[in-house]
Amino acid sequence: MNSRILLTGKTGQVGAELLALLPSFGEVAAFDRHELDLSNPEQIRRAIRDVQPTIIVNAAAYTSVDQAEREEKQAYIINVEAPALMAEEAKKIGAALVHYSTDYVFDGSKNLPYEETDHPSPINVYGKTKLAGEEAIRAVGVPHLIFRTSWVYGTRGAELLAYGPTARDRAAGIEDRVRPTRGADLEPGNR
Ligand SMILES: NC(=O)c1ccc[n+]([C@@H]2O[C@H](COP(=O)([O-])OP(=O)(O)OC[C@H]3O[C@@H](n4cnc5c(N)ncnc54)[C@H](OP(=O)(O)O)[C@@H]3O)[C@@H](O)[C@H]2O)c1
C-alpha cells in the first residue's frame, strides 16, 4: 500500500476505470492530456520527477486507428516516443511501467486466438506504432507489464456498446471473431 502510482490518460476508457480502481493499490497522481501532454517530453520528465512514482500506468495513447494513417508522426510520438521516455525515466528512479497495447500488433490472418508468442505483423500505422512502443519499452529494460488488449468496452467513449461493429468490420468478417474486453478488467491487479 506504499505504492505511488502515476496514471496517464485518466479521461480515456481504460484510464477512467483505472482512476476508480487504482487508489486501492496506493496513492494515485492522475493526469489528463492538459496536465501532461505526451507529445511534450519535458512535461513527461517533469511529471515523473515531481511524482516520484513507484509505478507508472500509461493508459494514454493515440488510439484513432483511421486518423493515424494521416497523422503517422503524431501517432509515433504518442505511442512510441512517449512510452520509451516513460520507460527510461522509470528505470532511472527504480519504478515499474504498466502499458497497454493492442491486438492490432497482429495482422488478423490467424484463425485461432492469438498468443503472446505469435509473431506480430501489424498492417496499419496504429498497429505499427503500438508494436514499436512495446519494443521500445522492452529495449529500455525497465520492469514492465504490457497488456495487449482488444476492443475495450465500457460506459465511456465510443467503442462497441455505443457503435457495435462497423460496416468495415462486417465486410472484413471480424464481427463474430473479436473478444471484447471490459475496460474495468484491465486494471493491473486483476488476474
Ligand atoms: N479501446 C480499445 O478497444 C482498445 C483496444 C486495444 C488496445 N487499446 C489500448 O488501450 C489503451 C487505452 O485505450 P482507451 O480505449 O482507453 O483509449 P481512449 O479512450 O481513446 O483514451 C486515450 C487516452 O489517451 C489520452 N491522450 C491522447 N493523446 C494524448 C496526449 N498527446 N497526451 C496525453 N494524453 C493523451 C486521451 O486524452 P483525451 O481524452 O484528451 O483525448 C485519453 O485519455 C491504449 O494504449 C490503447 O491503444 C484500446
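In this predicted model, Thr 8 lies opposite Asn 58 of strand S3. The two strands concerned are S1, residues 3-8, and S3, residues 55-58, which pair in the parallel sense over 4 bridges.

| Helix | Residues | Strands touched | Angle of its direction with that of S1 |
|---|---|---|---|
| H1 | 13-21 | S1, S2, S3 and S4 (96-102) | about 155 degrees |
| H2 | 41-51 | S1, S2 and S3 | about 160 degrees |

The sheet itself is open and is formed by 5 strands in the order S2-S1-S3-S4-S5, with parallel pairing. Strand S2 (26-30) and strand S5 (144-149) are at the edges; each has a single partner strand, so one side of each has no neighbour in the sheet. On average, neighbouring strands of this sheet are turned by 20 degrees against each other, direction ignored.

Helix H2 also packs against helix H4 (residues 72-93), at an angle of about 30 degrees and with the axes 10 Å apart. Angles under 35 degrees count as roughly parallel, and H2 is therefore roughly parallel to H4. The crossing of the two helices, H2 and H4, is right-handed. On the H2 side, the contact is made by Pro 41, Ile 44, Arg 45 and Ile 48. On the H4 side, Ala 82, Leu 85, Met 86 and Glu 89 make the contact. Sorted by class, the contact of H2 with H4 comprises 6 nonpolar and 2 charged residues, with no polar ones.

Note on methods: Residues are numbered from 1 along each chain as its sequence is written. This is a predicted model: local features need pLDDT of at least 70, side-chain atom pairs count only at pLDDT 80 or more; totals for chains, interfaces and linings use all residues. Two strands pair if DSSP finds at least two bridges between them. Axes are lines fitted to C-alpha atoms, for helices over the stretch in contact, and angles run from 0 to 180 degrees between N-to-C directions. Two residues are in contact if their C-beta atoms, placed from the backbone, lie within 7 Å. Angles under 35 degrees count as roughly parallel, over 145 as roughly antiparallel, 65 to 115 as roughly perpendicular and the rest as oblique. A crossing is left-handed if the near helix is turned anticlockwise from the far one by less than a right angle, and right-handed if clockwise. Ala, Val, Leu, Ile, Met, Phe, Trp, Tyr, Cys and Pro count as nonpolar, Asp, Glu, Lys and Arg as charged, and the others, Gly among them, as polar.
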